[in-house]
Amino acid sequence: MSFSSKVLCSLLVILIGCLGSVLLVFSQGAALKQDLDHYPGASTTVHLAGIPEERSDRILAVLSAFAETDGRSIVRIDDQLSNVDGGLTGVRIGLVADPVNLSSALPLHFLGTALFGAGELRDLLTGDRARSIGLDANESDVIHKIPELAFAPRIAAVQLSRLVETSGTINGAYRIAGANEAQIDDLLASLEPLTNKSAQTMQTELRGKQTDAGLAAFILLGFLLAASLLLLFLLVFEAIRSSRALGVHLLLGRTTSGFVLSLFRPVLFSCGFAAVASSALVLVLMPGYALSPALAFTAVSSAAAGTAVTLMCIAVAAAGPLSIKPVDAILGRYSKKILLVTISGFYLFSVAGFSVAFFALDGPMKEVGALTDVGRSWADIEDQQILYREAPGNDQASFTGQSSKHARDIYEWYRSISDEPGVSLVSTEHYDRRVLDQWHGIYSSVPEKPFWYMAASPSYLASQGFTLADDLVHRASRGERTYLIPGSWTARTKQAMHEWLTEDSRIDYEASIETSYLKSPAVSFVEYSPRTPLFMWNVDPTLAQRVVDPVILILTPENMIPFESESLAAVGLENSYVKLTAAAAQNFTSPSYLDRFSLADNKPEFLPVSSFIAGLKKTIHDFLALFATVAVFLCVFCLILLVTLMKLFSTTYRESLAVKRMLGHSLSRLFASTIIVVGAAGALAVGSAILAQSTSALLANIVMLTIQVLMIALLGRRYSQLQISSTLKE
C-alpha cells in the first residue's frame, strides 16, 4: 500500500468514526425529544385551538390559579422549527406550578444527568418573569444553564405566562400533572365559557405534529455512506494492485492471510485510534453531562459502530486476495474488464449521489434565498426600536394575570406619546384558510377568503406612503373604529368582512381600560384603492413582506378594544405594537418620563429591530456554510474516484498505453473509455438537473464536469509519461 493510500485510508477511518459519533449524538437528540413528548409523566393533556387572542389573559389566569395550589402543575411545550429546512431547532417549555409544593414529575433527567431539578424550577417560578432555565431569548436572562447536547434542539424553560406572551398565542397543548380526574373536570368546566369548547373537544387532539432533525442529519448520513464507500473503493483498489506482490509473497512460502494482514495493518491501527477518538468526541459533544453508565455505554456504542463499518470494508477488500489461486497471484492474472466495470460503477454511483444531494439542497437553497429577501426587506426599518422585556417591579399581580394595573399604565404612557414624532404603532396578522375554518362556531359571520389584517396608527401609515384623509384620522381619534377595506373585493366578500369586523369589535364584558369607543361604540367602513405596498412586519418567508390590499384599522388610543389596549406591552418582533425611533426611545423611556406613569420600576427595555433579526441572519449564514461544506466534500469525493479510476486504468493497461503513446496516439484515444464514462455521466447529470428544474444541481454538475475534463487532460498526460518511463526501465 502506497504512502498516500495509507494516509487517505487512515483519514477516512477516522472520519467514519467521527461521523458515527455525530450521528449517534443526533440520535440521542431524538431520544431526548421523545422524553420531552412524554414530559411530565402521568399527565393529562388539554388542547386549546382556534381561541381568539383577546381571550388569552382570562384563560391564562384560570390556568395559573388552578396550577398554583395543591402541588398541581401545568406545562406547555412549543417546538421551534428552522425557516430553512423545517427541522426542529428548539423546544420551549412553559411551566406554572406551586413553587412550595412542586410535583415530583417536573424535574427532567436524561442519560443520568439532571437537566433541571426542583431547586432550579423554584428559582424560575419565583423569579423575574423574563428569566429562563437554559438560553431562551437573551443570555443575561439565564438563571441556570441546561447541559448541552450538540445538534439537539435547544431547550429552554420559562414561566408559562412568558411563553404565551412571546409566542403570541394561547393555543396549544397543556399537560396537567398532580391533579385527579375530578379536579381536571373542574378546570375544563371553568374553561368552557372562555373557549366556547366542550370538555370533550378540549381533551381531543385535533391534529398531530411531526418534527425531524432537519437537513443536517440527512447530510451527515450521506457523508458517512460516501466515506465508507470511498474507503471500500480504495481498499479494493490496493488489494487488486498488490496481486503481483502477493504472488512474490507466496513464492517465498508465506501465507495469504499473513500478506493480507500486513497489507491492511495501517488501516487496523487507524481503526483502534478512531475508536478512542470516537468515544472522546461523544463526550465532547455532550458538555455538562455527568459521566454515567448510560453516557459511557453511548460512547462505547459509537466506537463500536465506527469500528464495525471499517472492519466490514476490510473484510470485503480482503475477500479478493484470500480467494485468488496462488498460480493466478504469481502470474498477476485477474479480470481487468470486471475490475474496470466495477470501478466505473463506483464512479457512476458517486456522480448520481452528487446530483441527488444537490437536488435535495435545491429546496432549502430557495428558502435561504427567500430568507435573504426577508432580511433585506427588514433593512429599511432595522433602526426602529420595539419592546424587548419588562420587569414586574411593583406589578407582580399584573404579570400573573390577577390585575390589569400595568396594562392601564402602559396604555396611559402610549396615549401621552401617540402623536409625538418618532412614535408609531402597528400590528399585523395573516389569517389563512385553516384559521377561518376554526372560526366557524365561534363567530356568527366568518370572512370568505384568507386576508392580511393591519392595525396601524396614522403615523405608521404615513411613514409607508399611505395617505389618509384628515376626516378619517379625526373620526378614529374621536373613538370610531374606522376600517379600510380594499375596493377591489367583491360585494359579497366585503359584506362578510364588515359583519366579522363588527362582531369582533363588539365587547360584551367590562373592560379594565375604558376608551372612547367602549363608551360609545361606532364602527365604520371605508373603501380604498390598493396601490401602496405596506410592510407587514412578517418573518415568514412563505408569506409576502409587503402587501397592497390588507384590511386596515386606523388605530388610535381612543378606539381601542381590550385586546389592543392590553397588548401594548407585547414583546418580540411580530407581536409588539409600539415602534419608536432611537430619539423617541431615548426621550420617552427615560426613568423620569416613565415615572409619571408608574412604569419606572418596570424598566421597559426597547431594542432595535436589527437585534431581533440577528438570528435570521445567523440562520442564513449557517446554512450557507453547511452548503459550502457539502459541495466541497462531494466534489472532493468524486475527484478522488476519478483520480483512482485513471490511475487504475493506466496501471492495468500500462504496457499497451506506453506502446501506443510512443507510436503517437493522442491522449483522448488512449483514455477513450474513461472519457466516455465521465462524459456520459456528466451529460446525464446535467440533463437530469434540467428536467428536474434544479438550479443547484445544474450549476454544480456543470462546474464538476468542467473540473473533471481538465483533470482528465492533466492526469492522462502524467500517467502516460509515467508508464512510458516504467516500461523503458523494465
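Is Glu165 buried or exposed, going by its relative accessibility? Glu165 counts as buried because its relative accessibility is 17%; buried means under 20% relative accessible area, exposed means over 50%, and partly exposed lies in between (1.4 Å probe, protein chains only).

This is a predicted model, in which local features need pLDDT of at least 70 and side-chain atom pairs count only at pLDDT 80 or more, while totals for chains, interfaces and linings use all residues. Residues are numbered from 1 along each chain as its sequence is written, and side-chain values use heavy atoms, with hydrogens and water left out.

**Salt bridges**

Side chains of opposite charge can pair when their charged atoms come close. A salt bridge is taken here as a side-chain nitrogen of Lys or Arg within 4 Å of a carboxyl oxygen of Asp or Glu. By this rule the count comes to 16 salt bridges. Three of them are listed below.

| Pair | N to O distance |
|---|---|
| Glu165 and Arg129 | 3.0 Å |
| Arg162 and Glu165 | 3.5 Å |
| Arg481 and Glu564 | 2.9 Å |

Glu165 forms a salt bridge with Arg129. Glu165 lies in helix 4 (residues 160–167) and Arg129 in the loop between helix 3 (118–126) and strand 6 (132–133), so this pair ties together parts that are 36 residues apart in sequence. Helices (H or I, at least four residues) and strands (E, at least two) are DSSP runs, numbered from the N terminus. Arg129 is buried, as is Glu165.

Glu165 also meets Arg162 in a salt bridge. These two residues are three apart in helix 4, which means that about one helical turn separates them. Arg162 is buried, with a relative accessible area of 5%.

Arg481 and Glu564 form another salt bridge. Arg481 belongs to strand 13 (residues 481–486) and Glu564 to helix 20 (residues 562–565), so the pair ties together parts that are 83 residues apart in sequence. Both residues of this pair, Arg481 and Glu564, are buried. Elsewhere, a network of salt bridges links Lys33, Asp37 and Asp79.

**A hairpin**

Strand 4 (residues 108–110) pairs with strand 5 (residues 113–116) in the antiparallel sense over three bridges; two strands pair if DSSP finds at least two bridges between them. His109 stands opposite Ala114 in strand 5. The two strands form a hairpin with two residues between them, and Leu111 in the turn has a positive phi of about 55 degrees.
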